[in-house]
Amino acid sequence: MKKDIHPDYHEIKVVMTDGSEYMTRSTYGKAGDTLRLEIDPKTHPAWTGVHRLLDSGGQLAKFKKRFKGFGSPT
């Protein structure tokens with residue numbers, strides 16, 4: 001590897017959403033820093049297979065109302 005062109009690669013602590021933690025090597029922050037995850041493979045629907053439909057601010061209701069008559073007649 002060429003000198004002085006690569007980021008510093010060091011150990012950090014990763015804290016999952018359930019409080020479990022592990023050490024890994026990363027270019028994040030400085031040596032010994034802690035990375036706290038808001039979403040991780042234990043809780044995110046992409047990995048768990050559990051999908052929840054959240055209607056924040058009525059967006060789903062607005063969509064259904066807007067496209068109510070769209071498509072083939074029933």
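1. The hairpin. In the hairpin of β1 and β2, Gly 19 takes a positive phi near 100°. Five residues lie between the two strands there. This is a predicted model, so read every value below as computed from it.

2. The antiparallel pair. Strand β1 covers residues 10-15 and strand β2 covers residues 21-26. The two run antiparallel, joined by six bridges. Ile 12 stands opposite Thr 24 in β2. Lys 13 has Met 23 as its bridge partner in β2.

3. The parallel pair. Strand β3 takes in residues 34-36. β3 pairs with β1 in the parallel sense, over three bridges. As background, strands of a sheet pair through backbone hydrogen bonds, in either a parallel or an antiparallel sense.

4. The sheet as a whole. The three strands form an open sheet, and its order is β2-β1-β3. The pairing is mixed. β2 and β3 stand at the edges with a single partner strand each, so one side of each has no neighbour in the sheet. Neighbouring strands are turned against each other by 35° on average, direction ignored.

5. Leu 35 on β3. This residue lies in strand β3. Is Leu 35 buried, partly exposed or exposed? Leu 35 is partly exposed, because its relative accessible area is 25% and buried would need under 20%. Leu 35 touches Ile 12, Lys 13, Val 14, Val 15 and Tyr 28, with residues up to four places away in sequence left out of the count. Take Val 14 from that list. Leu 35 and Val 14 are 21 residues apart in sequence, yet their C-alpha atoms are 4.8 Å apart in space.

6. The aromatic rings. How many aromatic pairs does a search of the whole structure find? The search finds two. In one, the rings of Phe 63 and Phe 67 have centres 4.9 Å apart and planes at 45°, so the pair is tilted. In the other, the rings of Phe 67 and Phe 70 have centres 6.1 Å apart and planes at 80°, so the pair is edge-to-face. The cut-off matters for that label: planes over 60 degrees apart count as edge-to-face. Together, ring pairs link Phe 63, Phe 67 and Phe 70 into a cluster.

7. Phe 70 is exposed, with a relative accessible area of 69%. The cut-off for exposed is over 50%, so Phe 70 passes.

8. The chain overall. The protein chain has two helices and three strands. From the N terminus on, the elements run β-β-β-α-α. Of its 74 residues, 9% count as buried. The accessible surface comes to about 6,900 Å², and carbon and sulfur atoms hold 55% of that. Among contacts with a separation of 6 or more, 7% are between residues 24 or more positions apart.

Terms used:
Residues are numbered from 1 along each chain as its sequence is written. This is a predicted model: local features need pLDDT of at least 70, side-chain atom pairs count only at pLDDT 80 or more; totals for chains, interfaces and linings use all residues. Side-chain values use heavy atoms; hydrogens and water are left out. Two strands pair if DSSP finds at least two bridges between them. Helices (H or I, at least four residues) and strands (E, at least two) are DSSP runs, numbered from the N terminus. Rings of Phe, Tyr and Trp (its six-membered ring) pair if their centres lie within 6.5 Å; planes under 30 degrees apart count as stacked, over 60 as edge-to-face and the rest as tilted. Buried means under 20% relative accessible area, exposed over 50%, partly exposed in between (1.4 Å probe, protein chains only). Axes are lines fitted to C-alpha atoms, for helices over the stretch in contact, and angles run from 0 to 180 degrees between N-to-C directions. Contact means heavy atoms within 4.5 Å. Accessible areas come from the Shrake-Rupley method with a 1.4 Å probe; for residues, only the protein chains shown count as cover.
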